[in-house]
Amino acid sequence: MGRVLPSSEELLNRFTMHLRLERGMAANTVDAYAEDVRKLLRFSYDAGLSVDKITLPDMQQFAAVCFDLGIAERTLARIISGVKSFFHWLRREDYIDSDPTQLLEGPHIGRKLPEVLSVEEIDAMTEAIDMSKYEGIRNRAIIETLYGCGLRVSELVNLEISRIYADEQYLIVRGKGDKERLVPMAQTTIDAIKDYLKERGEVKIKPGESNILFLSRRGGRLTRMMIYYIVSGLAEAAGINKEISPHTLRHSFATHLLEGGANLRAIQQMLGHESISTTEVYLHIDRSFLRTEILSHHPRNNR
């Protein structure tokens, strides 16, 4: 083996630095990976193993222990993905001779289809907004931006005015891993933002927040939880009996584009997905939609 293995704490620090600086992962993702590796390090310490002595049977035992502790399959799959990345990095940095996770299999998880709103349900949410108040005009712009641009909630709360090009009908958003992407804007979204900006000018803005688009009445940027309450509250006011979150509007954006005939790779770019397989979950919804359309409108089914 080439390099001397440092302490577990130092090893974890170097790995997380690699995730942040070289792979450009977001802080939340880095924290999740670090916690996964800590689980493995605690397991290896209890077993009296150093990291460079861990074998495939040891890793299978680690996965079995996690399962016995009642960890959900989806969470277990994420943990295994995290430790696989860790061992891949160890091998690349020449800390170990071989990767014990190369043949390690995670649980097989059925892909859960996301909840989707119909266009009529989204219209009902906007119609439930009290437009006589500052919050109402702002909330309409929030809904139209989430649904019209397919943004993640973290992207929405950090959206900057200087990155909105209304005349050219697009905005630039900073997504996962600090990667920027260009997203087209519908005229409905542009109009809602312009209406909101007129009201925003009356708000006393806190220092450092002048370029942030969506602000509370007190002049500070909104939190992710505030956006969740806004969206779920409007869904309830509209009488929608579904489990709704801001991400539901992002799912609906992608699904409606696909139903309208948009190219899957174009949707991938607009959503900021690294892998086309992430976007392909919407294909399952689209197939269901197509089947419904055939059963409803094909002449052989309407005799």
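Which residues have the most contacts inside the largest nonpolar core? They are L171 and I227, in a core of 46 residues. A nonpolar core here is a set of buried Ala, Val, Leu, Ile, Met, Phe, Trp, Tyr and Cys residues joined through side-chain atoms within 4.5 Å. Buried means under 20% relative accessible area with a 1.4 Å probe, protein chains only.

This is a predicted model, where local features need pLDDT of at least 70, side-chain atom pairs count only at pLDDT 80 or more, and totals for chains, interfaces and linings use all residues. Residues are numbered from 1 along each chain as its sequence is written, and side-chain values use heavy atoms, without hydrogens and water.

Helices (H or I, at least four residues) are DSSP runs numbered from the N terminus. I227 touches I142, L146, V153, L156, V157, L222 and P246, not counting residues up to four places away in sequence. Touching, or contact, means heavy atoms within 4.5 Å.

Now look at α6 (residues 134-149) against α9 (residues 224-237). Their axes, lines fitted to C-alpha atoms over the stretch in contact, come within 11 Å and cross at roughly 90°. The two helices are therefore roughly perpendicular (65 to 115 degrees). From α6, the contact uses R138, N139, I142, I143 and L146; from α9, I227, I230, V231 and L234.

A second, separate core has 29 residues, including Y33 and F43. Both Y33 and F43 are among the buried residues of α2. After α2 comes G48, with a positive phi near 70°.

Terms used. Axes are lines fitted to C-alpha atoms, for helices over the stretch in contact, and angles run from 0 to 180 degrees between N-to-C directions. Angles under 35 degrees count as roughly parallel, over 145 as roughly antiparallel, 65 to 115 as roughly perpendicular and the rest as oblique. Buried means under 20% relative accessible area, exposed over 50%, partly exposed in between (1.4 Å probe, protein chains only).
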